[in-house]
Amino acid sequence: MLRRTTLKFTAAIAAVSLLPSGAFAQMPASVDKPVTISFYNYNLASASAGAEATKELIAGFEKKFPNIKIETVAVPSNEIMSRVQADIVAGKQPDVAQLVFRDLIYIASDLGANALEDMVDATELKDQFAGMIPQGLELGKVDGKTYGLAYTFSTPILFYNADLFKQAGLDPDKPPRTWDEVNADGKAIKEKTGKNGFFPGAYGPTDGTFVYQSIVMSNGGKVRDGNKLTFADKDAADAVKMLRNMVDSGAHAKIDPASASDTFAAGNMGMFLYTSALLSSVKKSAAGKFDLRLAPMPSFGDKPTAPTNSGSALFVFSRDPEKQRASYELLKYLTSKEAYTIITSKIGYLPLRLDIVDDPNYLGPWVKENPMFRANLKQLDHLTANIAFPGPNYRQVEKMMMDSVREAVFGSGDPVEALKAAQEQGQDLMP
Amino acid sequence: MTDIQAEVAGPAAAKTASTRSDISRERFSISPLLYLAPAVVLLMVWTYIPLAEAFRLSFYQWNILPTSPQRFVGLTNYQRLLALPEMRNALWNTLYYTIGLFPMSVIIPLFVAIWTQDLGGRARTIYRAMIFVPMIIAPVVAAILWRWLLNEDQGLITLTLEGLGLGRIGFLTDPAYALPTLTWITGWKLIGFSTLLFSAANAGINPSYIEAARIDGASRWRIICDIRLPLLSPTILLLSMMTVLFGAQWSFAYINVLTNGGPLKSTTNIFYLLWEYGFQTLSAGWSSAAGMIAFAGFAVLAALCMWLTKRFAFYDN
């Protein structure tokens, strides 16, 4: 069989190239020769502010390091993992890739990303990490090693349309703080204005699981505990039941989950819980049309909220020491104070370095102009890591979970039963 | 066609009977094999080897990464798939797409082709061009246009319906409407293609039959029933077969762009499901097993369609 032999051959080559980086020479201290590295990036594939800001960052980097040329590969966020995997299979190893946290364990264990601790000198790494928020650094770690360096990341935040609040007879200066209030306000907006009340960006094809997980964790639930799935257990299921009740009461909209952000941006939705990365583009569409405001994510009564991180980390896959150095320089540049000033002000992601927030040389003037962004910054101190699934079938398990959540929230059957059935099926596929 | 077959088969059969010794003398000639080789190689590389490979992979658990091991799991993939409610659901939906497409891929085009036949020169061209336009629009562009038209908040169609007092319909967000909507979009795209084929076949009918029928005093309707429809039967059967075998596949682009199989799995079909298993959840085993199930089902259908075609198609000798 021709095909099988080819596969085996590719497998052998890939296996050799995926040996732990420790087997290779240590990367040099600087880049002396011209080198080209590839950078897989999903912000570049978006039509919103992300692409412009990323181009600006890369131009800045190439100016600072004339020896290094970046070859960018733009792929939408929900396809970038498959693309990286396909390219590795085809023998086109990416050097640096921006990937989302849900694939973290798989990237570290199967895809052969380099741990920064193995690649970079310990003191140099320590200098780089200084000033970064520890919760942020924690996000990209597997078994104590940093495989992904948190890059563009964010927490869910409640965008709301103050004009609709006014029309519904609600006080726009008092956004809902608990889910009960979201329910009441959403119902009022739906009934008085005919527009959609509330919708979370938790069910669409590009949404991943972070908004859903942060709602679950705010109620004390968790999607898995070790290798045991727990998303149908009481606290987690109660959170989903709360969403279902809002659907039944009319406060939670029933719209196409793939275009929820468009619906909000068009002024047809009162409240939208989603990543702050959308801020720039929503602000642009809201300008002159409606009064856009932000609030922290709502809580379950007095329980503390658990905003989880959306967004991405940077992973290095290079095998060649020269390219590793160039890749690491790119990582350093993209997580520098200058870079986060651009990333936060132009896209809306959180800065991994908090010391720049009030610094007049960096984000200071922008935060002063955009005080509403503080709601997002405030959530940083209880940032909770998004939980990735382990094992070779992690994607299927995750899909089963999200399918059952959609069924529980929008279906007609018993929500807890839907979650339970999926949990049982999914458990079979866990390692 | 039967005549042609007879002509080809006749002498050849006679030859095999009478000159068996000639053939055994020529047995070692390599040139026929060389002529066949390019086609056979292409067929092997693009069809049969992948098919065999998919069959093999359907018994393994593997995440499409060359470095990770392929673990033999026997029939587990099939068992799991058949136990999953979404698989049954997808099979039902596949059937729905197939049957739902018939009116738009066979019945309406047939009528349009026959009625436009009698239109005058330029009017006929313009009319047919209009019907053919959806065919040449890229599927993704068509899908996005429909998304705009059907948008619940500001879609042109939704607003019109509301203006008529019918209320807003969530064409793509209500599980009860999503499947018919996607079937309609797929069919709308096909009408042009089918009409073109029917018009071509219709134009190929010898006009002297119709002249003769007219002289005999046959009405328009009689001519259609007794002359046009029987002579169009090969095309009707061909398009029916294509709809049965490929109809559900044609809807893939619209499912992918418009609903991602939702809301609540109401629009997923078997092709979308196997793509999802393979490239969204990176499970080669599940995807191959789903593919094999689809392959077996459609092989049976194809055989049935071939039999029907042989039985009912009427050719003008």
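## A buried serine in chain B

S251(B) is buried, with a relative accessible area of 1%; buried means under 20% relative accessible area, exposed over 50%, and partly exposed in between (1.4 Å probe, protein chains only). The model is predicted, so local features need pLDDT of at least 70 and side-chain atom pairs count only at pLDDT 80 or more, while totals for chains, interfaces and linings use all residues. Residues are numbered from 1 along each chain as its sequence is written, chains are lettered from A and ligands numbered from 1 in the order in which they are written, and side-chain values use heavy atoms, with hydrogens and water left out.

S251(B) belongs to the loop between helix 11 and helix 12 of chain B. Helices (H or I, at least four residues) and strands (E, at least two) are DSSP runs, numbered from the N terminus. When neighbours within four places in sequence are set aside, S251(B) is in contact with Y97(B), T186(B) and N269(B), where contact means heavy atoms within 4.5 Å.

## Helices of chain B

Helix 12 of chain B covers residues 252-259, and its buried residues include A253(B), Y254(B) and I255(B). The buried residues of this helix pack against helix 5, helix 7, helix 9 (175-203), helix 11 (220-250) and helix 13 of chain B. After helix 12 of chain B comes N260(B), whose phi is positive, near 55°.

Two packed helices are described by the angle between their axes and the distance between the axes. Helix 5 (residues 85-117) and helix 13 (residues 270-280) of chain B pack at an angle of about 140°, with their axes 8 Å apart. Axes are lines fitted to C-alpha atoms, for helices over the stretch in contact, and angles run from 0 to 180 degrees between N-to-C directions. Helix 5 and helix 13 of chain B are therefore oblique to each other: angles under 35 degrees count as roughly parallel, over 145 as roughly antiparallel, 65 to 115 as roughly perpendicular and the rest as oblique. In this packing, E86(B), M87(B), A90(B), L91(B) and T94(B) of helix 5 meet I270(B), L273(B) and Y277(B) of helix 13.

## Aromatic pairs in chain A

A pair of aromatic rings is described by the distance of the centres and the angle of the planes. Rings of Phe, Tyr and Trp (its six-membered ring) pair if their centres lie within 6.5 Å; planes under 30 degrees apart count as stacked, over 60 as edge-to-face and the rest as tilted. By this rule there are 28 aromatic pairs over all chains. One of them, F159(A) with F264(A), is tilted, at 6.1 Å centre to centre and 55° between the planes. F159(A) lies in strand 7 (residues 156-161) of chain A and F264(A) in helix 12 (residues 260-265) of chain A, so the pair ties together parts that are 105 residues apart in sequence.

Both F159(A) and F264(A) are buried. W366(A) and F373(A) form an edge-to-face pair, 5.1 Å centre to centre with 70° between the planes, and both W366(A) and F373(A) are buried. One aromatic cluster is formed by F159(A), F210(A), F264(A), F272(A), Y274(A) and F290(A).

## A buried leucine in chain A

L164(A) is found in helix 8 (residues 162-167) of chain A. L164(A) is buried, with a relative accessible area of 3%. Not counting residues up to four places away in sequence, L164(A) touches several residues, among them I189(A), T193(A) and M269(A).
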